[in-house]
Amino acid sequence: MNRTTNFINKPSFSLCFCYPFSCSATQPVQPVYDLSTCIASLQACARYKSLQKGKQIHAYMVTNGFLCSPLSITSLINMYSKCNQMGDAVSTFYYRFHDPNVFAYNAVIAGFTANGLARNAFEFYNRMRLTCVMPDKFTFPCVIRACCSIWEVMKIHSLVIKLGLELDVYVGSALVNTYMKFLLVKEAQKVFEELPSRDIVLWNAMVNGFAQIGRFDEALVVFRTMSEEGVMPSRFTVTGVLSIFAMMGDFDHGRAIHAIALKMGYDSHFEVANALIDMYGKCKFTADALDIFEMMIEKDIYSWNSIIAVHEQCGYHDETLRLFYRMLGAGILPDLVTITIVVPACSHLSALMHGREIHGYMIKNGVGKGDVNKEDVNDVLMTNAIMDMYTKCGSMRNAYMVFDKMKNKDIASWNIMITGYGMHGNANEALDMFSRMCETQIEVDEVTLVGVLSACSHAGLVSEGRELLRQMRSKYGVIPTIEHYTCVVDMLGRAGHVVEAFELVQNMPIQANAVVWRALLAACRLHRNSDIAKVAAQKLMEIDPGHSGNYVLTSNIFVDTGQYEEVSEVRHAMRQHNVQKAPGCSWTELKDGVHAFINGDRSHPKANFIYAQLDSLTARLLSLPSSFSSVKEEKDLDFPIMACIFTITAVLISLMLIFIRLLYVLYRTGKPLKTRGSTGLTPPPLSTLIILGSGGQAVICAAKRQIFPQVLHCCCY
């Protein structure tokens, strides 16, 4: 249950919403609740972010003349700020009967800072100084955090010293945080050491400050010093230290901090549990992260995002999607972070239907849309992720539709489209997109040219690829990298210029890596060049002896050229290095998820049925002319055929169900179904409502005017 629901059901301030808004013209309105009750209710609305209830209280206070009190104005500003409505907060600040004071200014500045509007906060502070309102010790912590340059921080620090507030622990914590943010470690340490009393907030500022700038060892030194001085860590200290061990991948010390959190009772707090999930996940202990998640009594959006991100980072893309749909089932609405995590999982699985569903959810709920007239950085990043998903799922039409609707296209947007077209063999579209990109005067980078060269490789545009490699430095200002040379070697090899590709590998200014030699070896296999293949294979055995693809490619080349003694040597070397070929895998996407099939694997719930159909299909193929006699020998064909059989079966079953449902509707209504160009389909008699089951048996689906569920088994031939 989310917190808004809990708040609505609380009786302590639900009384505030039971007053009548209408009144008689002759009888004055008597306030039912006093000012202190309204202010307490506003504080509750701010805590639980209940904007609607807060507006009702605001209306009640206007009606009863409660806005003359400075405390009521400050409470309203705080409520609107916590509900992310800074426009309403500023409007309340400028209420005509209100003389702005330091408390109202502090509330607006704090609201802007909390909502990530640092520049607005600093401008409001400058306006405060112009109106001769003197800032106090509650003003400076927010203003310091809102500073966008080091000069602004130093000016504020000078004013703090002038006003005698430099020893205030909250001001000092803000200074330490901000100096650390600008990498001014000495200044931060000086402020820290000059403070006579150091509370846990100040210690946390030092620990988290070092952690945020990547100086983990110094952060841990501060943490140990804090423990030696007898300062008890808070739950925010625990989350800060856990984030350090998460980024370091230090499982043992992270588990020790987990023990401290258990001992101090912090493990039940959202922020600590989420930090534990993140730490275990980044240390690749997903089972422990999942245990922490399952033990949480209540899970907020951050908890779900953490566990979903853990599985995505560890490469468990199918589990990422399962957790996402489980989150939706729990009634938690995804935010921009959730979508950013889940969309790459759809890309890796080529799960187009799931990606479309997520994209549709974004459009319907406005996820990732800020201002209607402009796109911010997050919008562009999110749109790029959607485009990338469509390109990797093979739907270039949808990718282009998303690209075409973008108002602001960055270089990544163009790169995704160029790479996508090249990946799917649409070289002309890729080159056209590259030309359009150059016309917009967007500076190309290494990724852009990799995409263009890859497109030339897939389409066999050898002359264009050679010209682009020659012009990279002079025309585009890009120094060719190993990725560019790999694309050119692959392009030459695919086009049959194996000798030229070999010469390029030998003469290029960068030392060739395993990927380059593997591209050359693949070209040798394609064109049966065993002489260059032996050189490439020898280099690969030296550079990357543990990669199974090297041995498989080399062995296949020797098989194609009839050199069986060399085949035996390659297989012997493979056994010596204990290298095993990863099993092939095929997967298919249906409405209930992505189904994977591995050769020889019978773990799928429908495995028995699928293998029965596979055996039947094999028997039928073997009964045909001799050209199909090799099917029995090709054991590696089992898993793609399994995926095909399962997909066709599922599709046929869904079509059968739709057809039978239509017949049953006709039967119950007794009305003919009229189609264009027909006189109508007469309802069938009861005996004709049948489904053909396995073996061609007829299963009656309707009897005594009732439909009984049947388990469908369809033969796919």
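## Close-up views of a predicted helical model

**View 1. Tyrosine 60 in helix 4.** Tyrosine 60 sits in helix 4 (residues 51–63). Helices here are DSSP runs of H or I with at least four residues, strands are runs of E with at least two, and both are numbered from the N terminus. This is a predicted model, in which local features need pLDDT of at least 70, side-chain atom pairs count only at pLDDT 80 or more, and totals for chains, interfaces and linings use all residues. Residues are numbered from 1 along each chain as its sequence is written, and side-chain values use heavy atoms, leaving out hydrogens and water. With 4% relative accessibility, tyrosine 60 counts as buried. Buried means under 20% relative accessible area, exposed means over 50%, and partly exposed lies in between (1.4 Å probe, protein chains only). Tyrosine 33 is 27 residues away from tyrosine 60 in sequence, and their C-alpha atoms are 9.4 Å apart.

**View 2. The whole protein.** The protein has 36 helices and 6 strands. Of its 717 residues, 44% are buried. Among contacts with a separation of 6 or more, 60% join residues 24 or more positions apart. A contact means heavy atoms within 4.5 Å.

**View 3. Helix 13 and its neighbours.** Helix 13 has 13 residues. Its end C-alpha atoms are 18 Å apart, close to the 18 Å expected at 1.5 Å a residue. The expected span is 1.5 Å times one less than the number of residues. Buried residues of helix 13 include Leu202, Trp203, Met206, Phe210 and Ala211. The buried residues pack against helix 11 (169–181), helix 12 (185–194), helix 14 and helix 15. Glycine 214 follows helix 13 and has a positive phi, near 85°.

**View 4. Helix 15 and its cover.** Helix 15 (residues 235–248) has 14 residues and should span 20 Å at 1.5 Å a residue. Its end C-alpha atoms are 20 Å apart, which agrees. The buried residues of helix 15 include Thr237, Val238, Val241, Leu242 and Phe245. Residues three or four places apart on an α-helix point the same way, because the helix has 3.6 residues a turn. The cover over the buried residues of helix 15 includes helix 13 (200–212), helix 14 (216–228), helix 16 (251–264) and helix 17 (270–282).

**View 5. Helix 18 against helix 19.** Two packed helices are described by the angle between their axes and the distance between the axes. Helix 18 (residues 286–295) packs on helix 19 (residues 301–313) at about 165°, with the axes 10 Å apart. Helix 18 is therefore roughly antiparallel to helix 19. Axes are lines fitted to C-alpha atoms, for helices over the stretch in contact, and angles run from 0 to 180 degrees between N-to-C directions. Angles under 35 degrees count as roughly parallel, over 145 as roughly antiparallel, 65 to 115 as roughly perpendicular and the rest as oblique. The crossing is left-handed. That term applies if the near helix is turned anticlockwise from the far one by less than a right angle; clockwise is right-handed. Thr286, Ala289, Leu290 and Phe293 of helix 18 meet Ser303, Trp304, Ile307, Val310 and His311 of helix 19. This contact has 6 nonpolar, 3 polar and no charged residues. Ala, Val, Leu, Ile, Met, Phe, Trp, Tyr, Cys and Pro count as nonpolar, Asp, Glu, Lys and Arg as charged, and the others, Gly among them, as polar.

**View 6. Helix 31 against helix 32.** The axes of helix 31 (residues 514–527) and helix 32 (residues 530–543) come within 9 Å and cross at roughly 150°. The two helices are therefore roughly antiparallel. Their crossing is left-handed. Helix 31 contributes residues including Trp517, Arg518 and Leu521, and helix 32 contributes residues including Ile532, Lys539 and Ile543. The contact holds 11 nonpolar, no polar and 2 charged residues.

**View 7. Helix 33 against helix 34.** Helix 33 (residues 548–560) and helix 34 (residues 564–576) have axes that come within 8 Å and cross at roughly 165°. Helix 33 is therefore roughly antiparallel to helix 34. The crossing is left-handed.

**View 8. Positive phi in two loops.** Asparagine 84 lies in the loop between helix 5 (70–82) and helix 6 (86–93). Its phi is positive, near 60°, in a residue other than glycine. At 49% relative accessibility, asparagine 84 counts as partly exposed. Leucine 183 lies in the loop between helix 11 and helix 12. Leucine 183 has a positive phi of about 65°, although it is not a glycine. At 58% relative accessibility, leucine 183 counts as exposed.
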